[in-house]
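Good morning, colleagues, and thank you for coming. I would like to take you through one structure, element by element.

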Amino acid sequence: MAQTEFPMLKNDLILKAARGEPVDRIPIWIMRQAGRYLPEFQELRSKHDFFSVCQTPTLACEVTLQPLKRFDLDASIIFSDILVIPQAMGLTVEMVPGTGPVLSKPLKDPSDLSLLVQPNVEKDLKYVGDAITLTRHKLEGKVPLIGFTGAPWTLMSYMIQGGGSSTMSKAREWLYKYPEDSCKLLQFITNTIVDYLVMQVKAGAQLLQVFESHSDFLNDELFEKYSFKYLKEISEKVKQRLREENISEVPMVQL
């Protein structure tokens, strides 16, 4: 995917803040900017299921822009979901009303790793890149566009647990019972994430976020081995890949 020319950015406040540069005020954006609190989003969702919106660039763009038509925000964040990566790896993921994400056939033991496929990110997740490119043009440089991904441990825990959990007991059991296979799975996810984030930058993302939403299920030792190691690798490899392809680096933050 080649980079595209985009309109000049008029408000780079959040990018300066992300780079640690001085700013005259704190930038404002909302993590779930395009979400269920907006009536226009609810109207669109009444006609389309959640992942259909994610997988249709025009709809994802429309939802991304909705908050900016109401509020004076300093950034936009592309409408997508962290679980598009497990989907691209061959797992079925559905967004069930009142429940949240459900993976009907989660990974039960390491033998299930053979069921996963290596995604061709620029093909299998092209719809995310297309949504980013379309949105960058529609923004007309008003504010930066944020891209994102789930972190390896967070994605792994969903893939094993089969959905949300207050304990993530099945996923954490893997770390103790199958440490080598856990590392194998985390590396597999990490490699995909690197490709995915590089693709997002090529498509037009101006800041990247990596959501380690389930880090609180790990103690310090487990976090170091099964989370931080891979977060560090993602940061280093994305920067390296962008340099190799003569593409300017973008700020990357972990939440």
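Let me begin with a pair of residues: the bridge partner of Gly147 in strand β5 is Leu208. Please keep in mind throughout that this is a predicted model. The pair belongs to the parallel pairing of strand β4, residues 145-150, with β5, which runs over five bridges.

On its other pairing, β5 joins strand β6, residues 252-254, again in the parallel sense, over three bridges. There, Val210 stands opposite Gln254 of β6. To complete the set, β1 and β4 pair in the parallel sense over two bridges, and Ser76 stands opposite Leu145 in β4.

Taken together, these pairings give an open sheet of four strands in the order β1-β4-β5-β6, with parallel pairing. Which strands stand at the edges? They are β1 and β6; each has a single partner strand, so one side of each is left without a neighbour in the sheet.

How well is β5 covered? Strand β5 comprises residues 207-211, and five of its five residues are buried. In a regular strand, side chains alternate between the two faces of the sheet. For β5, both faces are covered: Leu207, Gln209 and Phe211 are buried on one side, and Leu208 and Val210 are buried on the other.

I turn now to the helices. Two packed helices are described by the angle between their axes and the distance between those axes. Helix α4, residues 57-70, packs with helix α7, residues 126-139, at an angle of about 45 degrees, and their axes are 8 Å apart. That angle makes α4 oblique to α7. The crossing of these two helices is right-handed.

Which residues make this contact? From α4 they are Pro57, Thr58, Ala60, Cys61, Thr64, Leu65 and Leu68, and from α7 they are Tyr127, Asp130, Ala131, Leu134, Thr135, Lys138 and Leu139. Sorted by class, the contact of α4 with α7 holds nine nonpolar, three polar and two charged residues.

Helix α4 also has partners besides α7. Its buried residues are Leu59, Ala60, Cys61, Val63, Thr64, Leu65, Gln66, Pro67 and Leu68. These buried residues pack against α2, α3, β1, α7 and β4. The list therefore links α4 to two strands of the sheet just described, β1 and β4. A second pair of helices deserves attention. The axes of helix α10, residues 179-203, and helix α11, residues 220-244, come within 9 Å and cross at roughly 30 degrees. Angles under 35 degrees count as roughly parallel, and α10 and α11 are therefore roughly parallel to each other. Their crossing is right-handed. The residues of this contact divide into 13 nonpolar, four polar and five charged.

Next, a few residues in loops. Most residues other than glycine have a negative phi. Glu140, however, has a phi near 55 degrees, a positive value in a residue other than glycine. Glu140 lies in the loop between α7 and β4. Is Glu140 buried or exposed? At 53% relative accessibility, Glu140 counts as exposed.

Asn246 also has a positive phi, near 55 degrees. Its place is in the loop between α11 and β6. Asn246 counts as exposed because its relative accessibility is 72%, and exposed means over 50%.

Another loop residue, Pro27, is found between α1 and α2. The C-alpha atoms of Pro27 and Leu15 are separated by 9.2 Å, and these residues are twelve apart along the chain. Leaving aside residues up to four places away in sequence, Pro27 touches Leu13, Ile14, Ala17 and Asp74.

Finally, I would draw your attention to a hairpin. Strand β2, residues 93-96, and strand β3, residues 100-103, run antiparallel and are joined by four bridges. The bridge partner of Val96 in β3 is Gly100. Three residues lie between the strands of this hairpin, and Gly98 takes a positive phi near 80 degrees.

That concludes the presentation, and I thank you for your attention.

Methods: Residues numbered from 1 in each chain as written. Predicted model: local features only at pLDDT ≥ 70, side-chain atom pairs only at ≥ 80, totals over all residues. Heavy atoms only, no water. Axes fitted to C-alpha atoms, helices over the stretch in contact; angles between N-to-C directions. Parallel < 35°, antiparallel > 145°, perpendicular 65-115°, else oblique. Left-handed = near helix turned anticlockwise from the far one by under 90°. Contact = heavy atoms within 4.5 Å. Nonpolar A, V, L, I, M, F, W, Y, C, P; charged D, E, K, R; others polar. Buried < 20%, exposed > 50% of the residue type's maximum accessible area, 1.4 Å probe, protein only. Pairing = 2+ DSSP bridges.
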